[in-house]
Amino acid sequence: MCGIVGYVGHRNVSDVIIAGLQSLEYRGYDSAGMAVLEAPGITIVKGVGKVSDLRKMLSERPLCGSQGIGHTRWATHGGVTEENAHPHCDSSSNIVLVHNGIVENYREIRSEIPGEYRSETDTEVVAQLLSTLYRGNMVGALVELQSRLRGSFALAIMAKDLPGKIYCLRKGSPLVVGMSRDGESLCASDVPAILPYTQDVVYLDDGDISELSTAGIRFWNAAGESVEKRVSHIDWDVSMVDKGGYPHFMLKEINEQGAVLRNSMAGRISGRRVVLSEELPWTRDDVLSWKKLHVVACGTSYYAALVAERFLEDITGFDIRVDVASEYRYRNIMAGPDTLAVFVSQSGETADTLAAERLAMGKGARCLAVTNVLGSTLAREVHDILQLKAGPEIGVAATKTFMGQITVLYLLALHLAKLQGRLPAAMEEELVGEMLSLPYKVEAVLARQESLQKLAAIYSAAEDFLYLGRGRSFPVALEGALKLKEISYIHAEAYAAGEMKHGPIALLDRNVPVVVITPKDGLHEKTFSNILEAKARRAPVIALVTEGDSSLDGTADHVFPVPATLDQFTPFVTVVPLQLFAYYFAKFLGCDIDQPRNLAKSVTVE
Ligand code: M6R
């Protein structure tokens with residue numbers, strides 16, 4: 001959580017930092033601040049609120065300079081106050097820094113370095129400690145600093161007596177640096193802040209130190225030895241990180257899902273066959289040696305894993321376990337060389353998912369990352385990677401990356417089944433042929449979003465929702481309820497439809513709408529009985545059905561039809577109306593859709 005930006009160059013740094021922080025605001029948005037070198041000193045402006053509030057503060061107190069660091073915060077240590085907002089400095093005001101992550105031993109250090117602390121943060125303690133270690137050699141001090149700190153951190157640092165230089169240190173939390181052709185050096189928590197200046201970046205590894213100046217960027221490892229780093233070219237361009245005319249990133253990203261499906265399949269399908277052997281160079285013997293398949297993730301990525309679980313168990317012979325990372329990592333997991341462990345994470349930086357991956361790696365499992373971010377920590381630690389190719393997702397509520405995840409996981413299932421010798425050619429052609437039609441089907445749903453907008457208005461007074469689905473529609477219900485909760489703060493629970501009678505039915509009355517995902521599949525009739533049970537308790541029912549299915553006319557209060565597809569693929573078309581319903585519901589209530597309260601997109605705390 002928290003976003004960091006640093007810049008040294010020839011532009012007005014406060015404009016660069018504000019723009020950079022705005023592109024990182026999905027990482028946290030409870031307070032913001034920046035420090036600018038205004039010779040002979042460093043000036044700090046910070047306060048509670050969003051980056052737009054910081055911009056207002058700067059209009060009253062403009063900062064002049066071409067070197068600075070900025071921060072947007074998601075509070076961990078200490079409440080949301082001006083004092084706790086970053087940047088923080090040491091008591092002599094020589095060193096100033098911004099921080100993403102958590103320093104676990106900050107209380108111990110604080111007791112060792114008495115003095116007046118202005119905030120409750122672990123970050124101020126780091127500034128004080130660095131000040132005691134710094135004797136004119138910043139790289140040496142940073143080597144020592146990282147050996148003293150426990151936890152995870154990404155730091156951007158300036159010192160009054162080192163004008164023209166910004167230092168970065170990374171351990172556990174992401175940090176990327178880049179240099180433009182015009183001699184501007186930048187650092188940031190994520191690439192969108194750097195993209196307007198350069199698409200060539202260096203991802204810092206754990207322990208790396210870097211020094212940014214207009215002369216270039218230099219690197220050292222944790223031992224203080226000078227090192228060369230590999231430059232990565234980012235194929236996202238700057239237009240991908242604006243709203244493109246939509247009122248919110250979330251709406252733009254929902255509407256991009258046809259394209260996401262196409263991109264995620266591009267180059268991975270030839271004719272009607274899956275071709276993944278370049279990205280996953282596994283042999284038949286490798287795959288046959290894996291007896292277990294673990295799929296581990298958090299939040300929406302976990303629900304994507306649950307959708308894929310059904311397909312994986314249909315077409316591969318694996319003993320499958322799908323778990324949330326924050327549970328998996330604390331269990332006595334039976335993983336080893338006979339296990340393929342798949343970690344699904346949009347950001348590739350989720351702390352629990354990384355811990356789960358390190359556990360599985362340590363046990364000798366073959367580890368695969370399914371992620372949208374190639375330079376992420378997860379992608380760099382595993383054996384194999386499948387990238388989503390969804391483009392940057394800025395809205396805090398994940399939508400298009402869910403679509404990318406289920407697409408890539410389905411391709412993975414087909415690839416595995418093929419290598420196992422369990423996928424006859426005719427079946428592969430039928431399944432892949434249907435996958436190729438999905439972008440059009442998703443776009444057909446998107447074309448009818450006006451009716452979902454009306455539906456959201458009709459139900460906008462409801463305070464509790466129940467979402468139901470069976471089989472593959474159950475994880476879709478979970479995801480639909482999560483979307484509504486996240487962005488509208490309305491209570492929404494999801495249940496396997498067959499479980500309703502075991503408890504949640506007690507909640508039902510005319511004030512609790514029930515959203516039922518019931519495409520025409522093998523479980524449709526069973527779910528119909530649950531709809532009757534809900535209706536008998538006078539609950540209004542909104543049903544997602546397959547086009548042409550009139551079985552719910554006269555029973556459900558509202559019906560939204562989705563295009564017909566094979567049973568295995570129904571989640572691709574049923575999730576979209578639920579995303580749109582949540583979006584329009586939150587919009588109707590006037591909620592802050594792209595930056596919902598208490599959330600951050602990249603959850604780098606445990
Ligand atoms: O980056 P990740 O996919 O690992 O993130 C996992 C969750 O934090 C994320 O899906 C979260 O649930 C989103 N807010 C969902 O909209």
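Let's start at a turn: Gly-224 takes a positive phi near 85° in the hairpin of β13 and β14, a hairpin with five residues between its strands. Keep in mind that this is a predicted model.

Strand β14 covers residues 226–227 and runs antiparallel to β13, with two bridges joining the pair.

As for β13 itself, residues 216–220, the strand is mostly covered, with four of its five residues buried.

| Hairpin | Residues between the strands |
|---|---|
| β13 and β14 | five residues |

Now for a helix pair. Helix α9 (residues 299–315) and helix α16 (residues 473–488) have axes that come within 8 Å and cross at roughly 165°. Angles over 145 degrees count as roughly antiparallel, so that is how α9 lies relative to α16. The crossing of α9 past α16 is left-handed.

Which residues make the contact? From α9 they are Gly-299, Thr-300, Tyr-303, Leu-306, Val-307 and Arg-310, while α16 brings Phe-474, Pro-475, Val-476, Leu-478, Glu-479, Leu-482 and Lys-483. Sorted by type, the contact residues of α9 with α16 come out as eight nonpolar, two polar and three charged.

Definitions and conventions: Residues are numbered from 1 along each chain as its sequence is written. This is a predicted model: local features need pLDDT of at least 70, side-chain atom pairs count only at pLDDT 80 or more; totals for chains, interfaces and linings use all residues. Side-chain values use heavy atoms; hydrogens and water are left out. Buried means under 20% relative accessible area, exposed over 50%, partly exposed in between (1.4 Å probe, protein chains only). Two strands pair if DSSP finds at least two bridges between them. Axes are lines fitted to C-alpha atoms, for helices over the stretch in contact, and angles run from 0 to 180 degrees between N-to-C directions. Angles under 35 degrees count as roughly parallel, over 145 as roughly antiparallel, 65 to 115 as roughly perpendicular and the rest as oblique. A crossing is left-handed if the near helix is turned anticlockwise from the far one by less than a right angle, and right-handed if clockwise. Contact means heavy atoms within 4.5 Å. Ala, Val, Leu, Ile, Met, Phe, Trp, Tyr, Cys and Pro count as nonpolar, Asp, Glu, Lys and Arg as charged, and the others, Gly among them, as polar.
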